[in-house]
Amino acid sequence: MKIAVLVSGGLGFSVLKQINAGYQVVCVLTDSNSFAIIDYCKNNEIPFFKGNPRNGKGFDFIKSFHIDVLASINYLFLIEDDIINHPKEYAFNIHGSLLPKYRGRTPHVWAIINNEDKTGITAHLIEKGCDTGPIISQIEIPIEENDTGATVLDKYAEVYYPLVERVLLTTKKKDLTLIPQDNLKATYFGKRTPNDGKIKWDWSKERIYNWVRAQANPYPGAFSFYDGEKVIIDRISFTDTGFHYKDDNGLIIANQPKILIKTSNGVVALESIRTEKKLTFEVGKKLKEC
C-alpha cells in the first residue's frame, strides 16, 4: 500500500515515524514550521511539500505520485477536492474530538474549557467541509479534573497511531464501515491564538479554573494584568475564603501565603504564575483584563 501523509507538529511527527516504519510512505505534506518533519523527510529521502497546499499548489506536488490511501494527522490546513480525490482508495483524517462534537481547531482545549468529562479522537473520511466526513472509528478518552491541554494531548499521543493503523488495515474503501455524522449534533470551535487567553474575573470560579488549565504551560497560558504587567496563570485552586459580594471581581483578597482573588462566586488561589518581572501583589488592588 502506498500512502501519502499530511502531518504537522510534534504529534504528527511521532505518527509519521510510526507509519513509515510499517508502510510505504511515498510523499509528505507539512507546514513550513514543522522542522522535525521536514528534517525527517530529508534524512529518509521522502519527497515532501511544505506550506499552504491550497490553490493547486499541493496538488501540483502530489499528482505525480501513485497513492492508495492519504492519511491526514494533525495537519494545519484544509485540503481541496483535487487532493482529496487523488488517492485510489480514500483519504482520511484523525481529528482530536468525538465528532460531530468539536469540529474545528484545538478541540481538546475547547473541551476542557467547556467542562467536558471526556473527549477522544475520530478517524473519518475527508470531505471538502471541515471535519464533516463519515466516521470510520473513534476512541474515547476521559478528561480528569486536573488534566490540562498538554496532558490530554499526551493521552492522544498514545492512541493516535493505533487508530491510524486500525484504518490502514482496511485498504479498500468498500470494506470500511462508515457512519454518517449527525449534523444536528455538530458543534464548531475556531482557531485559538495566545491573545485569546484573557481571563474575565466576572466568570464563575469553575469556568476560570477550566480556562486556566486548558491553556497551562507549556501552552501560552491564560492571563490577566496587574499594574499594566501581564500575569500568566497556569494553575489555580478553590478556597473557602469569605468575601463580600459587592467587592470587585479580580480583587486581591490576600497575598500571603498565597495570592487570593475574588471571582463572581468564590475566592481562588493562584498556585502557579509566570511574569516577565518580579511583581509585588498588594491587597486591595485588582487583576484586570488589560
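**Salt bridges**

A salt bridge is here a side-chain nitrogen of Lys or Arg within 4 Å of a carboxyl oxygen of Asp or Glu. The structure is a predicted model, in which local features require pLDDT of at least 70 and side-chain atom pairs pLDDT 80 or more, while totals for chains, interfaces and linings use all residues. Residues are numbered from 1 along each chain as its sequence is written, and side-chain values use heavy atoms, with hydrogens and water left out.

A search of the whole structure gives twelve salt bridges. One of them joins K285 to D227, with the closest N and O atoms 3.2 Å apart. This pair links distant parts of the chain, 58 residues apart: K285 belongs to the segment after β14, and D227 to the loop between β10 and β11. Helices (H or I, at least four residues) and strands (E, at least two) are DSSP runs, numbered from the N terminus. K285 is partly exposed, because its relative accessibility is 30%, and D227 is exposed, because its value is 55%; the classes are buried for under 20% relative accessible area, exposed for over 50%, and partly exposed in between (1.4 Å probe, protein chains only). D227 and K285 also belong, with E282, to a network of salt bridges.

**Two further pairs**

R54 and E80 form a salt bridge whose closest N and O atoms are 3.7 Å apart. The pair links distant parts of the chain, 26 residues apart, with R54 in the loop between β3 (48–50) and α3 (57–62) and E80 in the loop between β4 (69–73) and α4 (81–84). R54 counts as partly exposed because its relative accessibility is 31%, whereas E80, at 19%, counts as buried.

The side chains of D175 and K174 meet in a salt bridge at 3.6 Å, N to O. D175 is partly exposed, with a relative accessible area of 47%, and K174 is exposed, with 70%.

**The five-stranded sheet**

Five strands form an open sheet in the order β10-β11-β14-β13-β12, with antiparallel pairing; two strands pair if DSSP finds at least two bridges between them. At the edges are β10 and β12 (252–254), each of which pairs on one side only. From one strand to the next the twist averages 50°.

Within this sheet, β11 and β14 run antiparallel and are joined by seven bridges. V231 stands opposite T275 in β14. Helix α7 packs on the sheet, touching β10, β11, β13 and β14, and its direction makes about 115° with that of β11. Such angles run from 0 to 180 degrees between N-to-C directions, the axes being lines fitted to C-alpha atoms, for helices over the stretch in contact.

Helix α7 (residues 205–214) is mostly covered, with eight of its ten residues buried. The buried residues are K205, I208, Y209, N210, W211, V212, R213 and A214. Their cover includes the helices α5 (107–113) and α6 (149–168), as well as the strands β10 (222–226), β11 (229–238), β13 (259–263) and β14 (266–275).

R213 is also touched by T148, which contacts I112 and A216 as well, not counting residues up to four places away in sequence; contact means heavy atoms within 4.5 Å. T148 lies in the loop between β8 (135–142) and α6. T148 counts as buried because its relative accessibility is 15%.
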